[in-house]
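Here's a quick tour of what's packed inside this protein, and of any space left over.

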Amino acid sequence: MTIKHFIAGPIETNCYLLVDDQTKCCALVDAPPDACETILPVLASGNLLLEAILLTHSHWDHSADAAELRRETGAKVYVQPDDEYRIVEPELHSIFRFPFKLEPCHAAELIQDEMKFKIGSIGLTALHTPGHTEGGVCFVCPEGKTVFCGDTIFFESIGRCDLPGGDSELLFQSIKKKIYTLPDGFELMPGHGPKTSVGHEKEYNPFVR
């Protein structure tokens, strides 16, 4: 398995392309604005087949290019049901007004807690981690000892809870019960900023101890 890390969009959102090196099947975790112009050439040059677009949550900075990527590649878009409304009507549910249009996107599949995914030989498990949004999700890859955690937790920080759909107590419980129960050595790949680890955050994160 190869993990390709990209940063896209006006607020530097991380997205991650998970590639099964044998089958060339892959999945993209999050689809920020301008991701298409970066991801599509990578897919073409590597002869890669994008099977899934896995959204950690539906804020525009993580989902704006999902519709275009689905149209260009045929990949299925996955989102947790409590967050689907934002990608279906993104202009209606954004608290900002942008100089660009947010394209609606209907998910092909709705994510349930502990749902299993198989991308080639890569196994992933979705964990429902509400708090930053109602339908926040982390994707755990045991093979790579990696967690794609969106805006649930960052390097020595946590996701905002003051936006619509946020809930600080839910976020604290998501981190304690879903993330901090994973092995300390698992790397955390967040939606913004540098990667960290479960063990580091358990020891040094000032928001959730």
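Predicted model: local features only at pLDDT ≥ 70, side-chain atom pairs only at ≥ 80, totals over all residues.

Residues are numbered from 1 along each chain as its sequence is written, and side-chain values use heavy atoms, leaving out hydrogens and water.

A nonpolar core here is a set of buried Ala, Val, Leu, Ile, Met, Phe, Trp, Tyr and Cys residues joined through side-chain atoms within 4.5 Å; buried means under 20% relative accessible area with a 1.4 Å probe, protein chains only.

| Core | Size | Members include |
|---|---|---|
| Largest | 25 residues | Leu-17, Leu-28, Leu-50, Ile-53 |
| Second, separate | 19 residues | Ile-122, Val-137, Phe-139, Phe-148 |

In the largest core, the four listed residues touch the most other members. Ile-53's contacts (heavy atoms within 4.5 Å) include Leu-28, Leu-69 and Val-77, not counting residues up to four places away in sequence.

The whole structure holds one cavity of 30 Å³ or more, a set of 1 Å grid points where a 1.4 Å probe fits but cannot get out. Lining residues (an atom within 4 Å of a point) include Val-137, Asp-151 and Thr-152.

Thr-152 counts as buried because its relative accessibility is 3%. Beyond four places in sequence, its contacts include Thr-129, Leu-171 and Ile-175.

Conventions:
1 Å grid on protein atoms, 1.4 Å probe; cavity = no way out; pocket = protein on both sides within 12 Å on 5 of 7 lines; lining within 4 Å. Points joined across faces, edges and corners; volume = space filled by probe spheres on them. Buried < 20%, exposed > 50% of the residue type's maximum accessible area, 1.4 Å probe, protein only.
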